[in-house]
Amino acid sequence: MELNGRVVVVTGGTRGVGAGIARSFLTAGAEVVVCARRPPREPVAANGRRAAYTPVDLRDPAAVREFLDAVGERHGRLDCLVNNAGGTPYRLLGEGGAERHARVVELNLVAPMTASLAAYPWLRESRGSVVMVGSVSGTRPSPGTAAYGAAKAGLENLARSMAVEWAPEVRVNSLVLGMVRTELAHLHYGDEAGVAAVGATVPLGRLAEPSDVGEAAVFLASGRAGYVSGASLLVHGGGERPAFLDAATVNKES
């Protein structure tokens, strides 16, 4: 398979998008290690193969360095770090103090930088890559999740700077995600009718599946993307239809 013998770490890889990414790498033949603060309810597996799990608090730099060094020493290499861990509750800026918003930035921007720096010596040796998991929230206004959007905007810029500083040994790219259907989709979009209604606003007519994100991550980590670095790959189903098109009173389709 395409990534036989490669070793991949997926942060936050125990559920949702992260688990989908881990499964895609397993299917591609890689040895996969996932980390999160809590273990998965069931092992992350695909094609009869399982990802190894290690508990890590990504906001603890010493623990992150220990974890990534342990992976490198156990396997003798590290080929790809996927910085997927992140997220945020819905909170308007005026409803929380700066400290609460700062914790969102810490998880979504500082933690990926911490992990990338810890992985860098191993990735440099293997001429590997980093894949940042970003969001369209970092490219447009993000009311209710402003700190998250700001962190994701910073993450994309961080990836571009890393791509320049760490070339030619390490490639660094970003996936910019739109809406993804996970086991927590109901918290964001409601019941099945809500999910379908939201999916209908996407040009491709549906929300992304975690496997869609996983396949894109495998591409960026593979030799097929050997000349791709500092890039942002949009995985958003065509984006969002501009609201003014529906509000305008002219040029309506019959």
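Is Leu117 buried or exposed? The points below take up this residue and then others.

1. Leu117 counts as exposed, because its relative accessibility is 51%, where exposed means over 50% relative accessible area, buried means under 20%, and partly exposed lies in between (1.4 Å probe, protein chains only). This is a predicted model, in which local features need pLDDT of at least 70 and side-chain atom pairs count only at pLDDT 80 or more, while totals for chains, interfaces and linings use all residues. Residues are numbered from 1 along each chain as its sequence is written, and side-chain values use heavy atoms, with hydrogens and water left out.

2. Leu117 sits in helix 3 (residues 98-126), where helices are DSSP runs of H or I with at least four residues, strands are runs of E with at least two, and both are numbered from the N terminus. Together with Val110 and Met113, Leu117 makes a nonpolar surface patch of about 240 Å². Patch residues have over 30% relative accessible area and no salt bridge, with like charges joined within 9 Å and nonpolar side chains (Val, Leu, Ile, Met, Phe, Trp, Tyr) within 5 Å; a salt bridge is a side-chain nitrogen of Lys or Arg within 4 Å of a carboxyl oxygen of Asp or Glu. Accessible areas come from the Shrake-Rupley method with a 1.4 Å probe, and for residues only the protein chains shown count as cover.

3. Glu156 belongs to helix 4 (residues 146-165) and is buried, because its relative accessible area is 15%. Leaving aside neighbours within four places in sequence, Glu156 is in contact (heavy atoms within 4.5 Å) with Thr139, Ser174, Val176 and Ser232. The side chain of Glu156 also makes a polar contact with the side chain of Ser232, at 2.6 Å; such a contact is a pair of N or O atoms within 3.5 Å, and within protein one must be able to donate a hydrogen and the other to accept it, while residues adjacent in sequence count only if both atoms are side-chain atoms.

4. The buried residues of helix 4, including Leu155, Glu156 and Ala159, pack against helix 3, strand 7 (129-135), strand 8 (171-177) and strand 9 (232-235).

5. Arg127, in the loop between helix 3 and strand 7, is not a glycine, yet has a positive phi near 55 degrees. Arg127 counts as exposed, because its relative accessibility is 53%.
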